[in-house]
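Dear colleague,

I am passing on the structure below, together with some notes on what was found in it. Please look through it first, and then read on.

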Amino acid sequence: MSNQSNNQGRAYEYVCINTLCAEINKIRSAEIIKNSAYAAATRAWASTSDGFKYILQQSAAAAVSTIFDMEPMLLEAGSDLLTLKIQTDNEGKVGDVRDIIIARSDIKWEIGLSIKHNHFAVKHSRLAKTLDFGAKWFDIPCSKQYWNSVEPIFNYLTEQKAANRNWNELPTKDKDVYVPLLKAFIAEVLRSNENDSAVPQKMVEYLLGEFDFYKIISIDSKRITQIQTYNLHGTLNQSSRVVAPKIEVPHALLPTRIVSLDFKPNSTNTVELYMDGGWQFSFRIHNASTKVETSLKFDIQIVGMPTTIISINCFWELNR
């Protein structure tokens, strides 16, 4: 992610958390926890133009009423304090993709929001010479076969890096790097899946996090804020003591088997994963810099989702 995109994302987090807090405070007590992540978001907000601030404000405001309709616990009357917090990067690295956490002090209840500005990507994981993706993704260390397969690829990249070469100077990087690396990746995932039937579920939990959440996506060009519901463990959409949700959020089931994992047709840098229940992902591998590095990055996208993950488009109310 570029510095500009990162800055815009943090600014969007700032306006989302402040808009929510202000609207909740009209009904009950709420406050924002002012941690280092909030300070970074505040700086990002301050650095943006007035025109862009207006866009983000419209985007955040559009989503509020729908969130309230799905989560009546946000507005339930009570003397306890409701807190909103932007998670730090360290918190997000341990199986939690939620950017904003909203919780109440007197009951065991919280919801999380993943905040995205103009993009739908899931994660940007890497493959590298000593990075054990199997242990990280689904708790199965990569096999000796995998390490033997990728060793000559990363040795080649180490040589090219030492020669200070750019990626575009490699004559056949698809044949020498992308294809063999993705073949090793495919073989390792399928090998691990044969040994542990929980691999499909663990992969989705790695890609989407171990906690349920709402994904809030600002689509500026369409003047729409899209809310996607990831209620994978049934913790979202709870009734308050007196009010049921106005919008029902289904419980989405995690996958139990891999249907297909193979190269995208006519592609040398992208593989597609199809699992039962409607789960589909694409993994595009690419170099993330001009100079050759000894690791490569995945751009992972959700291609298909279960019908129980609903998407709601919230249209902006532009007043100028």
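**Notes on the structure**

At 87% relative accessibility, N266 counts as exposed, where exposed means over 50% relative accessible area, buried means under 20%, and partly exposed lies in between (1.4 Å probe, protein chains only). Before going further, please note that this is a predicted model, in which local features need pLDDT of at least 70 and side-chain atom pairs count only at pLDDT 80 or more, while totals for chains, interfaces and linings use all residues. Residues are numbered from 1 along each chain as its sequence is written, and side-chain values use heavy atoms, with hydrogens and water left out.

N266 sits in the loop between β8 and β9 (270-275); here helices (H or I, at least four residues) and strands (E, at least two) are DSSP runs, numbered from the N terminus. Although N266 is not a glycine, its phi is positive, at about 65°. A positive phi of about 65° is also found at N237, again not a glycine, and N237 belongs to the loop between β7 (224-230) and β8 (258-263). N237, however, counts as buried, because its relative accessibility is 13%.

The loop between β9 and β10 holds D276, which counts as buried because its relative accessibility is 17%. Leaving out residues up to four places away in sequence, D276 touches P255, T256, R257 and V259, a contact being heavy atoms within 4.5 Å. S260 is 16 residues from D276 along the chain, and their C-alpha atoms are separated by 9.6 Å.

S282 counts as buried at 14% relative accessibility, whereas Q280 is partly exposed, with a relative accessible area of 25%. Not counting residues up to four places away in sequence, S282 touches T270, V271, E272, D299, I300, Q301 and V303. With neighbours within four places in sequence set aside, Q280 is in contact with L273, Y274, Q301, I302, V303 and G304. Q280 and E205 are 75 residues apart in sequence, and 14 Å apart in space from C-alpha to C-alpha.

Helix α6 (residues 144-162) has 19 residues and reaches 26 Å from its first C-alpha to its last, close to the expected 27 Å, a span taken as 1.5 Å times one less than the number of residues. At E151, shortly before the proline P152, α6 has a kink of about 35°, the bend being the angle between axes fitted to the seven residues ending there and the seven starting there. Buried in α6 are Y146, V150, I153, F154, Y156, L157 and Q160, and what covers them includes β5 (126-128), α5 (133-138), α7 (173-195) and β11 (295-304). After α6 comes N164, with a positive phi near 60°.

Finally, the second largest pocket holds about 160 Å³ of space and is lined by 13 residues, of which R98, E110, F211, D212 and T235 lie nearest its centre. By class, its lining has 4 nonpolar, 4 polar and 5 charged residues.

With kind regards

Conventions
On a 1 Å grid over the protein atoms alone, a cavity is a set of points where a 1.4 Å probe fits but cannot get out, and a pocket is an open set with protein on both sides within 12 Å along at least five of seven lines; lining residues have an atom within 4 Å of a point. Grid points are joined across faces, edges and corners, and a volume is the space filled by probe spheres set on the points. Ala, Val, Leu, Ile, Met, Phe, Trp, Tyr, Cys and Pro count as nonpolar, Asp, Glu, Lys and Arg as charged, and the others, Gly among them, as polar.
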